[in-house]
Amino acid sequence: MTTLIPVLGDQLTSDLASLRGGPDGAVVLMVEVAAETHYVRHHKKKIALIFSAMRHFAEELRAGGWTVDYVRLDDPGNTGSFSGEVVRAVARHGASRIRVVEAGEWRVDAMIAGWAADTGLPVEILPDDRFLCSRTDFAEWAGARKRLVMEEFYREMRKRTGLLMRAGKPVGTRWNFDAENRKVPPRGLNYPAPPTFVPDAITTEVLDLVADRFAGHFGDLEPFGFAVTRADALIALDHFIAVALPRFGDYQDAIVEGQAFLYHAALSPYLNCGLLTAREVVQAAQAAFDRGEVPLNAAEGFIRQIIGWREYVRGLYFWAGPDYAKSNALQATRDLPAFYWTGETEMRCLAQSVAQVKREAYNHHIQRLMVLGNFAMLIGVEPAQVEEWYLVVYADAYEWVELPNVHGMSQFADGGILGSKPYAGGGAYINRMSDHCGRCRYDVKQRVGPDACPFNALYWDFLARHRDKLGGNNRLLRMYDNWDRFAPERQKETRESAAAFLKTLPPAAREWAVAQPDAAPPAPPAGPPPEAVLER
Ligand code: FAD
Ligand code: DLZ
Ligand code: SF4
């Protein structure tokens, strides 16, 4: 009775439900799957991170007494698909049953659902209890509600986990300190970059493989400094808790040129592939708060991101079903501009964000939401193209977390299931939260004309264009009032300015994301409109 336990590239957790019984004669199957690397053409750093973390994890399991069958990308006979490799492994090991943890996305869940028919064996599919809220628990919570409100979910999770709670009440008497998390950082602050790790022999071999096989994918492969083992990911966690978390809350929404990480955790790549668990990172934050090492607004802000937003988007992804991605509430059809890949635009905020993600496979939340996502929504890019881009470029991107954030939060393509209004903003927001505008060729204070910040006219044009769908939204009434106070001539020149800018956009750039013969994208070069109110 040999049990085959397939472990996917984002299940690299020794306490994974399928591994909990201990070795017991089972065979763990891990596979470098060609199809996973090019169903979208992931950033080179992301592929290297996953392959290296997988190879290290296999070694750790072996050291723990497990038999691990590890199929490398170039191993002879590798079929290049999860299902093909499960079928081959069943035959190799004479397996009599399969045990696996549910996947993080519908696409792979569907493959797993086919394994019983593919192999003729019983397949036990276990819930992924690394998440604090199961798919069923979220569905129960959501089922009773007219609207899904993250803040309500979050409070429920605070009660359920007991984090930052005292005698059934939130510590500090408030649930949410978001309003205190939007400070503009003073000049000259020291930012503690997250630790980087020198590639060992395993990683070096993977880097060579990725350089060779994925040369045409987006992004810089080196320098490569990600943690690829649990031990190193724990160092990154300790560093964040000790050095960055104390100021995490204050400057959560800021953007500073040359500082990719500010006081952000930069832990999502490790959380999402399983090197760290959500439980341990929130417990570490709570413990630092209990020791008096971090203020409440920081601890609460961070814990909210994990047990609130992270669990909420995952719950919503599975609750909404595989068709969630199909909606296009704003009927957006434009192609993604080429500069999302090349960085070649004079809009400094966008150019800098693209240059950063090319280098680091990382942007922080406000760059993702209020620069890159905001612009794509204002110009009306087809949601599927935006989603594909986000899935490609970020080391932490897996569909369960990418899709709700992009489709729902950033593009409002779900029509308001995830959020109650679009996260749209003009240049004034970016100017207030960043130091880009002073160095930009565009003037953030101008609304129209060739030198005006494009975000400004585009913002008003977006509102005017979508009045039929958004005009009745209570949270946008003030903005529509402002627009209505524009004289007709002013409205006309604003919309004409937006139209003139849209005509200048470079042609479609889809080819970089979708599977096709390798070709390296070019390297990137190094009256006040309203402000978006963020709720995090
Ligand atoms: P911090 O700002 O330090 O936050 C701490 C942790 O909270 C993160 O590591 C992450 O695990 C969690 N978190 C915070 N916000 C969210 C959120 N909205 N959804 C889920 N988890 C959250 N996050 C991903 O992990 N993968 C993605 O593919 C992804 N795509 C995004 C796309 C868009 C358009 C937007 C607006 C957000 C996206 N996010 C995504 C959420 C968030 O931007 C990243 O989790 C965060 O930037 C990761 O960096 P960090 O670890 O420094 O985060
Ligand atoms: C993202 C990714 C990549 C690039 N490669 C692999 C791989 O070769 N083998 C593997 O098991 N997993 C990989 N992954 C992660 C999977 O895509 C991920 O497990 C599924 O999307 C389910 O969330
Ligand atoms: Fe971006 Fe406009 Fe500021 Fe330039 S002026 S950096 S385009 S917000």
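I take two strands as paired if DSSP finds at least two bridges between them, and I count helices (H or I, at least four residues) and strands (E, at least two) as DSSP runs, numbered from the N terminus. The model is predicted, so local features need pLDDT of at least 70 and side-chain atom pairs count only at pLDDT 80 or more, while totals for chains, interfaces and linings use all residues. Residues are numbered from 1 along each chain as its sequence is written, chains are lettered from A and ligands numbered from 1 in the order in which they are written, and side-chain values use heavy atoms, with hydrogens and water left out.

Sheet. I looked up β1 (residues 2–6) and found it joined by three bridges to β2 (residues 27–31), the two running parallel; Pro6 has Leu29 of β2 as its bridge partner. Five strands form an open sheet with parallel pairing, in the order β3-β2-β1-β4-β5. Because β3 (67–71) and β5 (123–126) stand at the edges with a single partner strand each, one side of each is left without a neighbour in the sheet.

Ligand 3. I listed the residues around ligand 3 (a heavy atom within 4 Å) as Met347, Cys349, Ile430, His436, Cys437, Cys440, Tyr442, Val444, Cys453 and Phe455.

Whole protein. I noted 22 helices and seven strands, and the C-alpha atoms fill a box of roughly 80 × 60 × 45 Å, taken along the principal axes. Of the 536 residues, 59% count as buried (under 20% relative accessible area, 1.4 Å probe, protein chains only).

Note on methods
Buried < 20%, exposed > 50% of the residue type's maximum accessible area, 1.4 Å probe, protein only.
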